[in-house]
Amino acid sequence: MKNRWIALYVENQVGVLAKVSGLFSGKSYNLQSLTVGTTEDETVSRMTICVTSDDITFEQIKKQLNRMVEVIKVIDLTNVPIHMKEILFAKVKGITSAQIDEVFRIAEVFSVQVADIGEDSVLLECKLTERRNNELIGLLNSKFRGQIEIVRGGAVAIEAISTSCR
């Protein structure tokens, strides 16, 4: 069992997301992440899907997605060079001015934006890899346990132009 990635081009119509997610829930496949947005063609959306599965199950998933009428193209991103980012907001709340300074230092080290600040809170906006976001969350938890709120979006990915990426 490992994380596998699919890019899915679908018709941009009402109900398509429900059909795709219904396929996963109906077969008891566990979705780790699903992100969807329109493409340069507003009639087409691209989904980036992460699923944890074995090889046989993953092949079944791809075949079932390919059979859906609304699906235009299925791309297996699991073993190809890609660029991938995940959006994350981290709110650190109920902190002192010295702790606010610490949050700013952490933001600088991780190259993330400070999106908002209050008297005792800081909101970070992160566009990092999943691994780097996990590292940031781990550090914030170790320094500010019980004082952080995390909102995490799914990853988006695109095939690399060169072969030196992942």
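Predicted model: local features only at pLDDT ≥ 70, side-chain atom pairs only at ≥ 80, totals over all residues.

Mentor: Leaving aside its neighbours within four places in sequence, Leu124 is in contact with Leu88, Phe89, Ala90, Val103, Ala107, Val112, Gln113, Val114, Ala115 and Leu140.

Trainee: Which residues have the most contacts inside the largest nonpolar core?

Mentor: The general idea comes first. In soluble globular proteins, nonpolar side chains tend to be buried together. Here the largest nonpolar core has 19 residues, and Leu124, Leu140 and Phe144 have the most contacts inside it. At least two residues of this core come from each of β5, α3, β7 and α4. The greatest contribution is that of α3, with 5 residues. Another core, of 17 residues, lies apart from this one; Ile6, Val51, Phe58 and Met68 are among its members.

Trainee: In what order do the strands of the open sheet stand?

Mentor: The order here is β6-β7-β5-β8, an open sheet of 4 strands with antiparallel pairing. At the edges stand β6 (113-117) and β8 (148-159), each of which pairs on one side only. On average, neighbouring strands of this sheet are turned by 15° against each other, direction ignored.

Trainee: Over how many bridges do strands β5 and β7 pair?

Mentor: Strand β5 (residues 82-93) and strand β7 (residues 121-128) pair over 8 bridges, in the antiparallel sense. Within β7, Val122 stands opposite Val92.

Trainee: How many disulfides does the structure hold?

Mentor: A disulfide is a covalent bond between the sulfur atoms of two cysteines. The structure holds 0 disulfides. Cys126 is in none, and the nearest cysteine sulfur, that of Cys50, is 19 Å away.

Trainee: Are Cys50 and Cys126 buried or exposed?

Mentor: The test is relative accessible area, and buried means under 20%. Cys50 has 1% relative accessibility, so Cys50 counts as buried. Cys126 also counts as buried, because its relative accessibility is 0%.

Note on methods. Residues numbered from 1 in each chain as written. Heavy atoms only, no water. Pairing = 2+ DSSP bridges. Axes fitted to C-alpha atoms, helices over the stretch in contact; angles between N-to-C directions. Core = buried A, V, L, I, M, F, W, Y, C linked by side-chain atoms within 4.5 Å. Buried < 20%, exposed > 50% of the residue type's maximum accessible area, 1.4 Å probe, protein only. Contact = heavy atoms within 4.5 Å. Disulfide = S-S within 2.5 Å.
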